[in-house]
Amino acid sequence: MPTRADRQLRTVRLAKDCAEQGARVRTIHCITGLPSREIQRLFFNNPQAIPRGRPPDSPEWYHSANLLFRTDSSIVAAIYHRLSHAGFGTGEALVGAYRHYRVVCQAPHRISFDRAFDLASHTDGIWIAKSPSFAIVTCPSCASEFLAALGTVAKSEACPFCKLIQRYGNDPRVQTSFPTHPLPDPTTFRQGMSMLLWMNTGEADGDSHALSMPIPGDAKES
Ligand SMILES: [Zn+2]
């Protein structure tokens with residue numbers, strides 16, 4: 001059973017993770033419950049470096065945001081939703097989702113950590129939101145999960161990813177944000193398989209022999 005010290009360390013660790021993602025003091029306070037003054041003392045030695053300005057307010061913003069903001073918002077929110085439903089705490093799920101978003105999407109990242117926090121708040125009705133305004137729905141056409149107003153019936157017309165696919169050929173901004181990746185050269189698989197078989201059998205008499213051998217588990221011996 002975690003001790004009080006374990007819980008406190010976990011809270012400070014979570015606050016540090018949030019600060020490293022660029023969270024403002026209010027966001028860290030809502031997620032961890034640490035007092036604002038303590039957050040400033042621990043993570044913002046330089047008062048000039050404290051993120052300021054108006055915090056995001058997503059329920060109105062999302063519906064008028066451009067397509068790329070809506071797809072990025074949907075990616076962050078869908079990952080957060082999966083992690084929190086997989087049993088992670090909401091704070092850990094948000095930090096994990098935001099890190100994953102930054103890995104899978106091209107920079108510059110349109111969604112700040114504070115925006116991701118705001119979207120998650122209004123999806124689950126937690127932290128700064130008294131009740132949910134958004135839901136994650138699955139598109140019946142492309143099977144992508146996207147953010148929509150609570151109560152929205154899942155239709156492909158409302159799906160930002162379906163719109164993205166329609167626009168892809170004609171919109172350089174969309175192409176830059178979601179670049180295609182060339183398919184890997186199949187000869188590298190062939191060489192890798194030959195090497196694996198050679199290592200398994202200890203045979204060193206060339207690729208042609210190795211490739212003629214059955215792949216383990218794939219043999220149809222009677
Ligand atoms: Zn779709």
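α5 and α7 are oblique to each other, oblique being what is left once angles under 35 degrees (roughly parallel), over 145 (roughly antiparallel) and 65 to 115 (roughly perpendicular) are taken out. This is a predicted model, where local features need pLDDT of at least 70, side-chain atom pairs count only at pLDDT 80 or more, and totals for chains, interfaces and linings use all residues. Residues are numbered from 1 along each chain as its sequence is written.

**Exercise 1.** Work out how α5 and α7 cross, and which residues make the contact.

*Solution.* Start with the axes: those of α5 (residues 67–85) and α7 come within 10 Å and cross at roughly 60 degrees. Axes here are lines fitted to C-alpha atoms over the stretch in contact, with angles from 0 to 180 degrees between N-to-C directions. Next, list the contact (C-beta atoms, placed from the backbone, within 7 Å): α5 brings Ser73, Val76, Ala77, Tyr80 and His81, while α7 brings Ala116, Leu119, Ala120 and Thr123. Finally, sort them: 6 are nonpolar, 3 polar and none charged.

**Exercise 2.** Find where tryptophan 127 sits, and decide whether it is buried, partly exposed or exposed.

*Solution.* Look in the loop between α7 and β1 (134–138). Tryptophan 127 has a positive phi of about 55 degrees, though it isn't a glycine.

**Exercise 3.** Locate the cis peptide bond.

*Solution.* Go to alanine 107 and proline 108, joined with omega about 0 degrees. Proline 108 lies in the loop between α6 (90–104) and α7 (113–124).

Methods: Helix = DSSP H or I, 4+ residues; strand = E, 2+ residues; numbered from the N terminus. Contact = placed C-beta atoms within 7 Å. Nonpolar A, V, L, I, M, F, W, Y, C, P; charged D, E, K, R; others polar.
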